[in-house]
Amino acid sequence: MNAAWLPLTALATSLLVAVTIFALPEEARRLRTTINIGAAVVKIILVTLMVRRVAAGHEDIFSFQVIGGLDFVLRIDALGVMFAGLSSLLWLCTTIYAIGYLEGSANRKRFFGFFSLCVASTIGIALADNLFTFLIFYEMLTLSTYPLVVHRGTEKALNAGRVYLRYTLSAGVVLLLGAVLLNNLTGDQSFSSEEGLGDYLNDHRGLLTLIFILLVSGLAVKAAMVPLHGWLPRAMVAPAPVSALLHAVAVVKAGAFGILRVVYDLYGIELSVELGVITGLAVAASITIIYGSLRAIAQQELKPLLAFSTVSQVSYVILGIGIFGPFGTVGALAHLLHQGLMKVTLFFCAGNYAEELGIHRIDEIDGAGKRMPLTSIAFTIGALGMIGLPPVAGFITKWYLGVGAIQAEMYWVVAVLVASSTLNAMYFLPILHRLWFRPGPSHGKGNWPHEQRLGRLETHGWLLWPMMFTALISLGAGLFAGLPYSPLDWAARVASGEYLP
Amino acid sequence: MIASFDAIEVLLALCLTGSAFVCLFDRHLIRACCFFVVFAVSMVLAWWQLGAPWLAAAELLLGVMLTSPCFFYALGHLSPGASAPLKRDQFSEPWSRVAMRVVLALVWFVMVGAAIRFVIADMVYSPAEHPLLLAGVLIAATALAAFALHRHLFRRLLAFNLLGSGVFILLSGVAGSSAAAQALISVGLLVAWLGSMLGALLIRQLMHLEGVEALGRDGEPKESTT
Amino acid sequence: MIWRFGLFDSTFAPLATTHWALLVALVFPLLLGVLGALFPPKRAFPVALASLPVLASGVMLLSAFDQSGLLSWQWEIAGLILSLRLNGLSVLLLLTTQCIGVAAALYTPGYLRLSETGPLARWLWPLMGVVLSALSLIWLATDLLTLYIALELMGLAAVGMLMLSGKAPALLAGMRYLLLALVGSLTYLLGIALILGHWGRLDLQGLAKVIEPGPVAWFAAALIGAGLALKAALFPLHAWLTPVHENAWTPVSALHAGLVIKASLFMLLQLWSILLPDTFYAPRVIAWLGLLAIVWGGLLAWRTDSLKTLVASSTVAQLGYLMVAFPLLLGPDIAPLPRALAWEGFWLQLVGHAFAKAAMFMAAGNLILATGEHTLKGLAGTSRRLPLSLLVFGIASITLMGLPPSSGFTAKWMLLQAMIITQQWWAVAALLTGTLLTAAYVFRMFRYSFDETAPRHRYQPLAPGMDLIALTLALIAFALGLLAHFPLELMHGGSP
Amino acid sequence: MITLLLALALLWPFGVMGHAVWLAYRAPESQRDYFSVLWLSAAWPSLLLAYVGEAQWTMDAWMLGGEWELNSLSRPWLAFTALLWSLAAVHARGYFAAEQAQAQRGDQDAQRRLLRLALLWPLTLLGNVLLIIAQDIASFYLGFAVMTFAAYALVVHTGTQEARLGAKAYLILAVLGEGLILGGFLWSAGAADTLMLQGVRESIVSAEHGVWMAALLCLGFGVKAGVIGLHVWLPLAHPAAPAPASAVLSGVMIKAGLLGWISVLPLGHAQVSGALAQFGHWMLVAGLAAAFAAAVYGVFQRHPKAVLAYSSISQMGMMTALVAMGLVAPDVWPLLWPGLVLFAAHHALAKGSLFMGTSISEHLPRWPQPLIWALLALPGISLAGAIGAGLVSKWGVKAPLYEMHHESLIKLLSWAAVGTAALVSAALWRQWQQRHQGGSNREQWGAWLVAVIAALLTPLWLPLPAGSIEMPPLKEWLGIMWPFPVGVLFAAVGWLVTRPLTGKTLPAGDLWWFYAFVVGSVLVPIRAFGHCCGRLKSASVVTTQKAEETLMGHLTRLLSGESWLRHHTSGLMMMLAVLLAALLMWEGQR
């Protein structure tokens, strides 16, 4: 039974919300909030439904013809549901957070409109079943995030937006070229087709490699792989929920997810190995991991530090793709979710520090653990996860990546992982030390840069609870990774689909 | 018989060409206008000569009686009391521009001529048998070059009109006086008149708004001419 | 190529109702225009009411085409053969014209009321009517005489419309446009003269049968090409375009940039496909010029300070996309698949651009009207106050940039595919560069609008519906991307 | 039932932490008792657990798949660990009494420190317990990491310069160690596709690069266990940490490293390859080197806790050597391991009581002095093997070695015991020099006394397999006891010899300063390189901006060509026509 309405409804939920929000007046705050949260909940229910249907072995497809030989196809598959689940879960959190964060500021209508659009794009990306459909939502994502990046409208924000566009639109063009080349070579290639592109290997080896490079370099810009990462730290001028969403799920993950799709579903992993591109991917990812960590060490401010940490962490996903074998794949897929959860937590925390205490620089954070204990605990969980310490989810992926690398006999990857862990510790542990072990303004030494009392608890409840929720989830995803329907379990399910016939 | 016809045609052709040239290249605008009237009258005769009385009538009406007054109006001679009438074209063109246009006119002439040679295959052997056609080609090429050369709006308008007439002669020359050709030419005449009228109105209005000085510029008022 | 333009015998004769629909489509805009001059409408709803029959006629023609395929008409008047045909392409273009025309007409009352246009405003209606009628005629006509008449009518009316604002720069630009347009049509006429002289007929269907490659065809093609290129503002003959739009009224610009210049391009392609069925270099030259057009237009739009110049220069660049496709449409040795792709992509791009550009001009006009500023800098802070106008601008520019899922994207996809199959890598590069340049100037404009640090101005409120009309057009352009199947289906049908 | 107890043992510390949080945020300042009975009880369920019996748990949902076990190894280990934690907690209540009073008076700093300690102490304990019972890699690593990082609070507690240095050294080496352990685990587990420690052992035996995996793991755990070269944090952290923290650090937490070795190395495995045996030899050498070098260096320390720290290094060296025997001579291992566990347990309690003793000597109770000093000396003497449990544990390791004829090792170990004796006497001497009267309280000396007794009586309460440990036969006593007097003598002679030499005493942390120097000098060029890159970047940014400006200038000039185009439109049209015609003709004529 094909429930064609399901992918369409999932997509339409956020699209309609975007339209509705644009149509509402700026002042209709309550209504907007209700719609936002209601739709987010509906989305989660829909995704749950999808999970159940995928688990039961159904395959729901919605498609129509755009032009001859080119279809618009949405399909629910395990990998897509994974990404959709992440985005819908984090959408709810981030929406709640954003409502609290933007309380009383201007242009909220625009913000939430594009925010919903952005999420709609990620859902589209998740459910897209061919490169054409993927491209549509991929570019839509670029466009809908631009207003969010420049939201503050300051000179710095506008410049960041310009840099962001330069990178992403150029990447889009490269991607488009790759997509058209591929479409010419193979016709409309569905992600769900089993055989991959193996038939073309003998005659078009060079062309296939070229297309792969085009596609992946186009996607790598969004995944912020070195040296195409320059936009990401700059885009940090955006409001915290935007950074959170950008980093955790929307933009960088879209890039990584795209690479996943290209390697696993478009080319097929065997072909990718045969072409030899996969090792290159792993090397590039490793370079990115180390470079991102090194740059993060040198940062003085919290958000850029987190940004470089993202640069480094997202490439774990790519690294996992670059490791041939089920373990690498599981690691990559699980990290897609784990990194999202942990990074979103970290950004929420950074946003809370900035909002409540005006903290932007690392050296201002001394002793904040006392003033904002819950935030600091969440930050600690996120940071430990980034280092890859158990029991936070980051450990799980690191484990799978390492084991996968060993089994693929890529021993240097383990060295990269260990080095990255150490480097991550080098920049996160000092912050934790400052948070918890240094006396600061809350102990009567000096003043916070800009303190506000936003709520009865340590900060506004809207800001606090989503953060706690994601922190707990990222803890739980590590502690109870063995549960059915956990990220790891689902990743293993997808991976077994890729490797077992 | 043929020879006599030829003589008249040659005469007409010469008349047309001569008046057209004066009209195009005389900096004294009123004189150029007068020669346009001469040209238009010759055109009437030429149409008559070519056996297209309907066109002759149309030319008389549209060319002589309607278009010419438009020009005088544009020059400011029909509505006294308005801003100062135009007298001379004051612009001097750089020699490179002139040279370029001369070359273009020659090339254009050759091209159109060649094209007509392919349409009327025997023209190569007796070019003199089609003096009006030849005049048409010449006028068209020259007028177009003049159009490209001049910057004074009025002179460009004049050049456009002559170009139109040249094209019409050419058309009737290659296509004879078939219904289709006559229809095309009539439409062309009408359009030329409408265009001239619109142009004349515009010139007056511009002169009213910006003064004479701005008129000749074929560019935005603030831009420097290159 | 020729069958694509519907230049073959039709199977069915048109029904009586179709005759009437044709009459309405051709004459009604003109009549309504005259009516508008006599009783200038103050509000949009009488305009909407009046334009209903026009739209209905378009839909009827569509359904007539749907039922019986190609339709053709022929009349003989005093030895002249006038002929029309209705194929998928002309239906598509006719509907586009009617939609944009109606939208422009609906937009006009509000615009005129708000912008204090003076006594000449009355003239706008008949001129608009003439332009729309002439455009409809151009899409339908298949003989050179009718085409010439329609072209001239359209050209003169367009010049008149563009100058109605009456300011000196507008007049000067209009004068230049007038002269160039007239010279262009004379050059075109010269080409026609050669055809008429050599083959002695003007109907395209007949000509398509008799014309064989030869010097006459080549010279005629060269002359027609140059003349129409001038009228269609193809690079490098585009320079008259920007000043004209700079000072024109918004609905006029929308019509002109969206449709009028496209008509010349349409004729150019149609005549060249008859005259030059298999030439290599001439389409290439156009394509190379197109490449330059994309770059030049993009750069112009990127560096300009004036909003309208930006929009107008973008037209130059967008025409470049169409020019680049010429070798695929006209060149020799193009396989059927890339040719079909290029053909569909070409028209989709044209239609999409028409809608998007009209929407963009309206959005720009709204912004200018509301802020009272003509420069980009004057837009600072508009994102907060005029979000809808900016949104319209944004949606329209997505189409222009060719980003998915707009019609520009789908068209670009098809063109790219065709170019890759035929290995025209420089054209691919041109298209991709165009995307980036377009993004550069569009987002430059948005950058100003997002600036929150600018001082606040008092904004003039817009008339109701002005934004909505623009939004509708922009959305049509946008939706044609995913729904491209329907317009393209029209062009599939009707092969002999 | 036992499962419930396990859950209780693991959750109880959380309850304790929750209580601490509640105290900090809800209770009034003056009633905050950070070291309440509840807090003291954190380790009690674990202690109980150790004595309940053997059990096994498998949990698929837990991380990568959990498997926990209470077996003959983990039970005694858990027993002595939990016992020392409990005693140290009680001791802490006394030790921090003054600070607590300060906090109750409203001293923010004291409140902060105590809260931190009260929160992280149970967490450290939890990690320690978890790593003992864990049989799967993930849980083990989790426990190890939790213990390691939470213990940071214990080290840094006072917040002084020394404490911060000690904590820094501790943390840096801990991170290094974690990295090495992770690498080793990944490698070995990946090679064998296993998630259990059992699998790691098998993988190391069977894998091609087994010896490298073993090396990584050994070094990683060696950081904790104070292997020579990686031991530098011990003498830095211990003197700075509060006495109860030092007690658990030195008593049980460094034993976690030992447990790690025992868990991951294929000790006693029949098919140990030649390379692994070779590795065992290296380990043996390293262990003995640590045992002797630490003794020699340690006796010259001024701070009694630093001396004790070196003693720990020395003792751990001996244990390293014993573990290495498991690789060098696998057949000896089944006999050796109970002795080793006893050795470890005894060392834990003895060292714990010695460290607690340092706080006693700083706050001497009003007892007869000889009694106090005798009590203070007792665990040291036992540690040297002269009396009590020390005697038994020495015999426990010597007997199997005798049996398998490793006499040379026995000799070396005996000489190492001389070093131990010298160290404890030096420590006692330093304590004597730095003694203070008064300020002691009941909990402080009570816990210490119990620890001393427990240390002396270790074999009696340690739940080792029955019959694995026996009293040494009387004729061997001398052979075991002789190192103590010799050691004391050595210390005395050494003191007499070096007394005339005035000069700076050797700094605690020996190699640390060398490492710091090396790293510092390596960092100089790296920093320079970083600055260079930074300058290069800013220079390139400037250049690019300039280039962009120039380009924009050119572009603007180029775009003024638009007006040229405008003026020449008609001419251009003529040219276009000519061009097209020419091209068409040319193409047609070809």
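Which residues of chain A does UniProt give for the feature "domain: NADH-Ubiquinone oxidoreductase (complex I) chain 5 N-terminal"? The UniProt record, an unreviewed entry, places this feature at residues 70–112 of chain A. The structure described here is a predicted model.

## Annotated spans

In the model, residues 70–112 of chain A are 67% helix and 14% strand.

In chain C, an unreviewed entry lists it at residues 141–438. That stretch of chain C is 80% helix and 0% strand, and its end C-alpha atoms lie 34 Å apart. In chain D, the feature is placed at residues 134–359, again from an unreviewed entry. Residues 134–359 of chain D are 81% helix and 0% strand, with 34 Å between the end C-alpha atoms.

## Domains of chain D

The domain assignment divides chain D into domain 1, covering 2–509, and domain 2, made of 514–556 + 564–589. Taken over C-alpha atoms, the centres of domain 1 and domain 2 of chain D are separated by 64 Å.

## Which chains touch

Five pairs of chains are in contact, and among these pairs chains B and C share the most contacts. Chains A and B, by contrast, do not touch. The nearest C-alpha atoms of chain A and chain B are 32 Å apart.

## The contact of chains B and C

The contact between chains B and C takes 37 residues from chain B and 34 residues from chain C. On the side of chain B, four helices each supply at least two residues: α4 (95–119), α5 (131–149), α6 (153–175) and α7 (179–210). Of the elements of chain B, α7(B) gives the most to this side, with 17 residues. By class, the side of chain B that touches chain C holds 28 nonpolar, five polar and four charged residues.

## The contact of chains A and C

Chain A also touches chain C, through 28 residues from chain A and 30 residues from chain C. On the side of chain A, β1 (61–67), α5 (131–149) and α6 (155–186) each supply at least two residues. The largest share, twelve residues, comes from α6(A). The side of chain A that touches chain C has 16 nonpolar, eight polar and four charged residues.

## Helices α6 and α7 of chain A

Helix α6(A) also packs within its own chain, against helix α7 (residues 205–222) of chain A. The axes of α6(A) and α7(A) come within 8 Å and cross at roughly 150°. Angles over 145 degrees count as roughly antiparallel, and α6(A) and α7(A) are therefore roughly antiparallel to each other. Their crossing is left-handed.

Residues of α6(A) in this contact include Y167(A), T168(A), A171(A) and G172(A). From α7(A), those taking part include L207(A), I211(A), L214(A) and K222(A). By class, the contact of α6(A) with α7(A) has 14 nonpolar, five polar and one charged residues.

## Helices α16 and α19 of chain A

Further along chain A, helix α16 (residues 373–387) and helix α19 (residues 461–479) pack at an angle of about 35°. The axes of α16(A) and α19(A) are 9 Å apart, and the crossing is left-handed.

From α16(A), the contact is made by L374(A), T375(A), A378(A), I381(A), G382(A) and G385(A). From α19(A), L464(A), M467(A), M468(A), A471(A), S474(A) and L475(A) take part. The residues of this contact divide into eight nonpolar, four polar and no charged.

## Helices α16 and α19 of chain D

In chain D, helix α16 (residues 369–383) and helix α19 (residues 442–456) pack with their axes 10 Å apart, at an angle of about 30°. That angle makes α16(D) roughly parallel to α19(D). The crossing of α16(D) and α19(D) is left-handed.

L375(D), L378(D), P379(D) and S382(D) of α16(D) meet V452(D), A455(D) and L456(D) of α19(D). The contact of α16(D) with α19(D) has six nonpolar, one polar and no charged residues.

Methods. Residues numbered from 1 in each chain as written. Chains lettered and ligands numbered in written order. Predicted model: local features only at pLDDT ≥ 70, side-chain atom pairs only at ≥ 80, totals over all residues. Contact = placed C-beta atoms within 7 Å. Nonpolar A, V, L, I, M, F, W, Y, C, P; charged D, E, K, R; others polar. Axes fitted to C-alpha atoms, helices over the stretch in contact; angles between N-to-C directions. Parallel < 35°, antiparallel > 145°, perpendicular 65-115°, else oblique. Left-handed = near helix turned anticlockwise from the far one by under 90°. UniProt positions renumbered as here; feature names shortened; annotations may be inferred. Domains from an automatic or database assignment.
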